[in-house]
Amino acid sequence: MLNISGLSEGIVLDHIEAGKSLDIYYHLGLDKLECQVAIIKNARSSKMGRKDIIKIEGGLDKLDLQILGYIDHNITVNIIQDNKIVEKKTLKLPRKITNVIKCRNPRCITSIEQELPHVFYLADEHSEIYRCIYCEEKYGK
Amino acid sequence: MRHMLNPLDFSVKEIDALLSLASDIEHNPPKYAHVCDGKKLATLFYEPSTRTRLSFESAMLSLGGSVLGFSSADSSSAAKGESVSDTIRAISCYADIAAMRHPKEGSALVASLASSIPVINAGDGGHQHPTQTLTDLMTIRSLTGRLGHMTVGLCGDLKFGRTVHSLINAMVRYPDTRFVLIAPDELRIPSYIREDVLKANHIEFKEVNNLDEAMPDLDILYMTRVQKERFFNEEDYIRLKDCYILDKKKMKLAREDMYVLHPLPRVNEISTEVDSDPRAAYFKQVQYGVYVRMALIMTLLEVEKPC
């Protein structure tokens, strides 16, 4: 059994699909933060069999939940204060995401105008399909 | 302020009002000859187009307004690397309304987000071409007396053909519209039209390769050109460009009350021998295109209909 010390104030990202924690670490830009971050891989889970967990020291302002919702909306976000979980946030697929993914359509206006934000809207929640707001090209997860 | 980027920007009721205004213009041109006096239309054409640009210019001149603009990217600041957003911000100071054609998909949306004048999408790559759609709707309504309750055949390049995508988007809103999509496998409609437009709206459609077999069922046959400029690979273009050619023999398979439409320019896909057939409506379409653009300019500029 591996023991990771408790978190008095911060965020625990729980129920991450096993093996995905490093992707999330980089997507959230945690590598650029000065705070302590613990990544737990392949933790035992009654629900998932195996799961990853990320513990981040500090406040919610460090996290872009929009990106997290897009990456995996099944992740649970636990807010820790005074060593207790004070809030559990569930994530939803965001209706719109900006500068998280890039349009790959070579005919899209974003292919020649680099300063444009890459904006996608959720076209089909069930299939988790996003489309570029400019050219409507599909971006499947 | 409103823009026209996609046929769906206007409700069915608004489209009906627009087509009725266009029809009134058709029957009473002098009544509208000065409704846009003092107004200016900017035509921003980043890729070549004779017909659409001249149609817009003719429409504005027929309303008493004036026009300015450019007809290729080379003669605009785009050649110096200016963004669409910056161009439209500047043009907003020169004109009251803009019609823009650009080879890249979504360019008209980008322009509309930065613009302080109404923007009309005059074609954004292979994506949308709403004023062609309005032209097509007016042609169909004027010739058949209805929209809906019909089978529409779309033939040729259904993958890159923006007129086709826009027309499908618009026609699915009318009751009992069925589609026969006639294309080689390489040029079938994109999945977002098939899934999000046709299937999502429970529209009856079939995808076939054979034009002859489809002909007897059609109320409207909408032919399209295989567009060289949409291909990255010339070999593919040469292989596919003449896959469907409508001629007198094929027209014999069609009903007497079917009409042939084409957004023009045509290359080989409609033989010139079909031009004299009373069902050939593609040159009438050009005239309807001017009336409908006049109606659209008036609507976006919020010009009162004269008594």
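Predicted model: local features only at pLDDT ≥ 70, side-chain atom pairs only at ≥ 80, totals over all residues.
**Entry 1**

**Entry 2. Nonpolar cores**

I next turned to the largest nonpolar core, which holds 97 residues. Which of its residues touch the most other members? I found Ala98(B), Met294(B) and Ile297(B). Helix H11 of chain B, residues 282-300, gives the most to this core, with 9 residues. I noted a second, separate core of 11 residues, and among its members are Ile24(A), Leu28(A), Ile53(A) and Ile56(A).

Neighbours within four places in sequence were left aside. Met294(B) is then in contact with Ala22(B), Ile25(B), Tyr32(B), Ala59(B), Ser62(B) and Leu63(B).

**Entry 3. Helix H4 of chain B**

I asked how many of the 8 residues of helix H4 of chain B, residues 107-114, are buried. The number is 6, and H4(B) is therefore largely enclosed by the rest of the structure. I listed the buried residues as Ser107(B), Ala108(B), Leu109(B), Val110(B), Ala111(B) and Ser112(B). I also looked up what these buried residues pack against: helix H3 (84-94), strand S3 (97-102) and strand S4 (119-124) of chain B.

**Entry 4. Backbone details in chain B**

I checked the peptide bond from Leu264(B) to Pro265(B) and found it to be cis, with omega near 0 degrees. Pro265(B) is found in the loop between strand S9 (259-261) and H11 of chain B.

I then took up two residues with a positive phi. His202(B) is not a glycine, yet its phi is positive, at about 55 degrees. I located His202(B) in the loop between helix H7 (191-199) and strand S7 (205-208) of chain B. Is His202(B) buried or exposed? His202(B) counts as exposed because it has 7 C-beta neighbours inside 10 Å, and a residue with 12 or fewer is classed as exposed.

Glu302(B), which is not a glycine either, has a positive phi of about 55 degrees. Where does Glu302(B) lie? I placed Glu302(B) in the segment after H11 of chain B. Glu302(B) has 9 other C-beta atoms within 10 Å, and so I recorded Glu302(B) as exposed.

How values were computed. Residues numbered from 1 in each chain as written. Chains lettered and ligands numbered in written order. Core = buried A, V, L, I, M, F, W, Y, C linked by C-beta atoms within 7 Å. Buried ≥ 20, exposed ≤ 12 C-beta atoms within 10 Å, placed from the backbone. Helix = DSSP H or I, 4+ residues; strand = E, 2+ residues; numbered from the N terminus. Contact = placed C-beta atoms within 7 Å.
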